[in-house]
Amino acid sequence: MARLLIVGGAGFIGSHTCICLLNSNHKIIILDNFSNSSPLVIDKIKRLAKNPNINDDIFSLKEGDVRDKNFLENIFQEFTNKNKPIQGVIHFAGLKSVKDSITNPTSYWDTNVNGTLTLIKVMTKYNCKLMVFSSSATIYGSSDMVPIPENAPIKPLNPYGNTKAAIEKLLSDIACCYDSQSKRSNSDSCWRIACLRYFNPVGAHPSGVIGEDPKGIPNNLFPYINQVAIGKLKFLKIFGNNWPTIDGTGVRDYIHVMDLAEGHCAALERLLISKPQLLTLNLGTGKGTSVMQVL
């Protein structure tokens, strides 16, 4: 059992992960500015957790921005003063649209990279050196390796992917390194970090109470199809029919959001019992599904 700060915990992947964490008896603090999520999900997370006696010690919410250093410090100080220090962070916060990142690259670098750097500074101050980072397989770009392994070249093709790759580099730089001769740490950082590079999250909690509900026009296939199905959008455009795939439409690796949530929990449990290290893991099915197959 650990006390964890879930940054961006009200979002699509974060909210499902919070349920898994609560069901594993962890105590969580959700930090979110609700820029692309809804406050309504907070009560839903509590309702879906198996524990019927969730109180303020087990679950709390802090509304604010990860780039606000004073705000972050106040959270860490509050729980330190209660002798209940935050032991780890799962970091989901960030902008995530490839299309928008091309239009507004500075916003992506500010929110994603500067937000992470601010978070790391505050964590270091309060000696909290365990992080599970929500990365992306976007950093591989157009890889010729199928399925893509973790040692594939990092060649992002857009600002969003560039920010994820930059954050991973930052985390690699602060991770605890060991001298090959003495076998002892040559850094006083001693971080436990997991970078989880996932492919295309889809689906919802089995209850249907929470799921993917983006604000505005969706950037991803599954929520777009859902909104056409309920009549919110009129039709679905399929771009291209001559790709070198089974039916000429684009192929992606889709992973169910609950599998992804369990992957975050498994990475966290590993870090909690491990020596300082940097884990880099892909989360996907290893199988591609075309647009027409999804439809």
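How many aromatic pairs does the count come to? In this predicted model, the count comes to two aromatic pairs.

**View 1. Helices H5 and H6 are roughly parallel to each other.** Helix H5 spans residues 105–125 and helix H6 spans residues 159–174. Their axes come within 9 Å and cross at roughly 20°; because angles under 35 degrees count as roughly parallel, H5 and H6 are described in that way. The crossing of this pair is right-handed. From H5, the residues that meet H6 are Pro105, Tyr108, Trp109, Asn112, Val113, Thr116, Leu117 and Ile120. Their counterparts in H6 are Pro159, Tyr160, Asn162, Thr163, Ala166, Ile167, Leu170, Leu171 and Ile174. By class, 13 nonpolar and four polar residues form the contact of H5 with H6, with no charged residues.

**View 2. Helices H1 and H8 are oblique to each other.** The axes of helix H1 (residues 12–23) and helix H8 (residues 257–273) come within 8 Å and cross at roughly 60°. The crossing of H1 and H8 is right-handed. On the H1 side, the contact is made by Phe12, Ile13, His16, Thr17, Cys20 and Leu21. H8 contributes Val257, Met258, Leu260, Ala261, Glu262, His264, Cys265 and Leu268. The residues of this contact comprise ten nonpolar, three polar and one charged.

**View 3. The charged end of Lys82 sits over the ring of Phe79.** The distance from the charged end of Lys82 to the centre of the Phe79 ring is 5.0 Å.

Terms used. Residues numbered from 1 in each chain as written. Predicted model: local features only at pLDDT ≥ 70, side-chain atom pairs only at ≥ 80, totals over all residues. Heavy atoms only, no water. Phe/Tyr/Trp six-rings, centres within 6.5 Å; stacked < 30°, edge-to-face > 60°. Lys NZ or Arg CZ within 6 Å of the ring centre and 35° of its normal. Axes fitted to C-alpha atoms, helices over the stretch in contact; angles between N-to-C directions. Helix = DSSP H or I, 4+ residues; strand = E, 2+ residues; numbered from the N terminus. Parallel < 35°, antiparallel > 145°, perpendicular 65-115°, else oblique. Left-handed = near helix turned anticlockwise from the far one by under 90°. Contact = heavy atoms within 4.5 Å. Nonpolar A, V, L, I, M, F, W, Y, C, P; charged D, E, K, R; others polar.
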